[in-house]
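Me: I have a protein model open and some questions about it. Can we go through them one by one?

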Amino acid sequence: MLVSAKDMLQKAAAGKYAVGQFNINNLEWTKAILLTAQECNSPVILGVSEGAGKYMCGYKTVAAMVSAMIDQLGITVPVALHLDHGSYEGALKCIEAGFSSVMFDGSHYPIEENISKTKELVACCAEKGISLEAEVGAIGGEEDGVVGGGEIADPAECKMIADLGVTFLAAGIGNIHGVYPENWKGLSFDTLEKIHELTGGLPLVLHGGTGIPDDMIKKAISLGVAKINVNTECQLAFAAATRKYVEAGKDQQGKGFDPRKLLAPGFEAIKETVKTKMELFGSVNKA
């Protein structure tokens, strides 16, 4: 059964570890992440971007697939199905479709409009028992058409959003989506510490978890980060493993590739990536 991310993230914040959000794009990715979470006895958040939701035939299809897989695979660890970088309209659709958690990314709006729309969604999610993530300060890079310039969030604005009653908060602290450039300046821990102080221990979110050095990940967790998003690293691992299989020429004697065998190496690569991240985040045996 899908659960809100509220309890798992409050426990993570109190225990000084982080729960991983791993984005899903198809059945294989979903199955790999769920099985790894069960094997590691770790809570997990399955992230779905609006683009991925559309690709997988809509939010209702995604919710039905994930719920059925949890049942069929005998998954007993807490699992939240979460809209990633959602629009206001997308958040409402996911709430209706059966998601247990949503993110409203209002960071590109003026703070007054971000507050207004977030406030409406807080009331809606509270009524349904769904967790809500909000964002202040756009995350750098691009993910499914959502572009951010790597802004540093204003701690005072973070407090305004936190005071609305959101469940957890993503704040830009120099993190970006995708692969980090060589001249990346690193995370602004002074900003993170100030946000943590002003938001009263509200679980904080670190987007762009791929490529951030391990020591920075651990320091961010010590300063209130309780959820870390990983997508690009899974994409790279899946692509590399699949490419290696194809280049080995393991087709069926000229008949083409069995899709189940073709995707198997990528499936295992994602499992290994997720396990490594869960160990780094400290969520193993925290279910």
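Me: Which residues does Phe-168 touch, not counting residues up to four places away in sequence?
Reply: Keep in mind that this is a predicted model. A contact needs heavy atoms within 4.5 Å. Leaving out residues up to four places away in sequence, Phe-168 touches Ala-5, Leu-9, His-82, Ser-101, Ser-131, Leu-132, Glu-133, Ala-134, Leu-202, Pro-203, Val-205 and Lys-227.

Me: Is Phe-168 buried or exposed?
Reply: Phe-168 lies in strand 8, residues 168-171. The cut-off for buried is under 20% relative accessible area. Phe-168 has a relative accessible area of 1%, so Phe-168 is buried.

Me: How far apart in space are Phe-168 and Asp-105, C-alpha to C-alpha?
Reply: In sequence, Phe-168 and Asp-105 are 63 residues apart. In space, C-alpha to C-alpha, the separation is 12 Å.

Me: How many salt bridges does the structure hold?
Reply: Side chains of opposite charge can pair when their charged atoms come close. To count here, a side-chain nitrogen of Lys or Arg must be within 4 Å of a carboxyl oxygen of Asp or Glu. The number of salt bridges in the structure is 6.

Me: Which residue meets Glu-39 in a salt bridge?
Reply: Glu-39 is in helix 2, residues 27-40. The N to O distance is 2.9 Å. The partner is Lys-271.

Me: Which residue meets Lys-277 in a salt bridge?
Reply: The N to O distance is 3.1 Å. The pair links distant parts of the chain, with Lys-277 in helix 11 and its partner in helix 10, 44 residues apart.

Me: What is the N to O distance in the salt bridge of Arg-260 and Asp-258?
Reply: Arg-260 is exposed, with a relative accessible area of 67%. Asp-258 counts as buried, at 14% relative accessibility. Their side chains meet in a salt bridge, and the N to O distance is 3.4 Å.

Note on methods. Residues are numbered from 1 along each chain as its sequence is written. This is a predicted model: local features need pLDDT of at least 70, side-chain atom pairs count only at pLDDT 80 or more; totals for chains, interfaces and linings use all residues. Side-chain values use heavy atoms; hydrogens and water are left out. Helices (H or I, at least four residues) and strands (E, at least two) are DSSP runs, numbered from the N terminus. Buried means under 20% relative accessible area, exposed over 50%, partly exposed in between (1.4 Å probe, protein chains only).
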